Amino acid sequence: MKFFLDTANIDEIGQALDWGLCDGVTTNPTLVAREGREMEEAAKEICELVGPDRPVSAEVLAVEYDAIVKEAQERAAWAENIVVKIPLIPEGVKAMKTVSEMGIPINATLIFASTQALLAAKAGATYLSPFVGRQDDAGFDGMASVEQIAQFLRMYDDLDCEIILASARTVEHVIRGTQCGAHICTMPFDLLQKLFKHPMTDIGLDKFLADYRAMQEELGK
Ligand code: G3P
């Protein structure tokens, strides 16, 4: 499973790269606004930071077909690793077909049901982003939609997409994503940090180091 960071924060991306745990980045208008930056300059800086082999999703702000296609072309020209994020609305799905035929990679966003993912897959999206945490918040089983998408992608060879498990909130989301074969999990930085953590790792390390120090003291070293 690839790990993407769901952030527009440069320091967080730099730390994840340093750990060797950043295979790509996803942003959305909220995340860019949180950094107080314009979409274009933020996306260009992130693309340069992560390098050409890691995809960076930048979302369109338009909601009508012509404007979505125009913004998609503009974003694709920002850097070679830009993936254009397009929302799952009728005008968006129509634009996905056009934009994918131009050879521009698409991340279909704001997916809350496997049927919506199927529409994006048929329109040529490269990535399908079901929002798991937000589905859970609304009282649905977010992971069920990911499992259903993984199943139809396995069954139909002509649907050539990767699942980005999005709106991931918990370690359990990551585990269940690996179990059903989600290709990518995009996660906020704090979730990436949580993946390191287990109390027994810390307790075990303290004991190893204490035992070795005690032996050295005994030997007068
Ligand atoms: O970027 C898309 C998605 O991952 C947002 O997640 O945490 O705002 O529900 P969240």
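Buried means under 20% relative accessible area, exposed over 50%, and partly exposed in between, with a 1.4 Å probe and protein chains only. This is a predicted model, where local features need pLDDT of at least 70, side-chain atom pairs count only at pLDDT 80 or more, and totals for chains, interfaces and linings use all residues. Residues are numbered from 1 along each chain as its sequence is written, and side-chain values use heavy atoms, with hydrogens and water left out.

**Cysteines**
- With a disulfide taken as a pair of cysteine sulfur atoms within 2.5 Å, the count comes to zero.
- Cysteine 22 is in no disulfide, and the nearest cysteine sulfur, that of cysteine 47, is 11 Å away.
- Cysteine 22 is buried, at a relative accessible area of 3%.
- Cysteine 47 is likewise in no disulfide, and it is buried with a relative accessible area of 3%.

- Around the ligand (a heavy atom within 4 Å) you will find Asp6, Asn28, Lys85, Phe131, Arg134, Ala166, Ser167 and Arg169.

- A polar contact is a pair of N or O atoms within 3.5 Å.
- The side chain of aspartate 6 places an N or O atom 2.6 Å from a ligand oxygen.
- Arginine 134 has a polar side-chain atom 2.7 Å from an oxygen atom of the ligand.
- For serine 167, a polar side-chain atom lies 2.7 Å from a ligand oxygen.

Terms used: A polar contact is a pair of N or O atoms within 3.5 Å; within protein, one must be able to donate a hydrogen and the other to accept it, and residues adjacent in sequence count only if both atoms are side-chain atoms.
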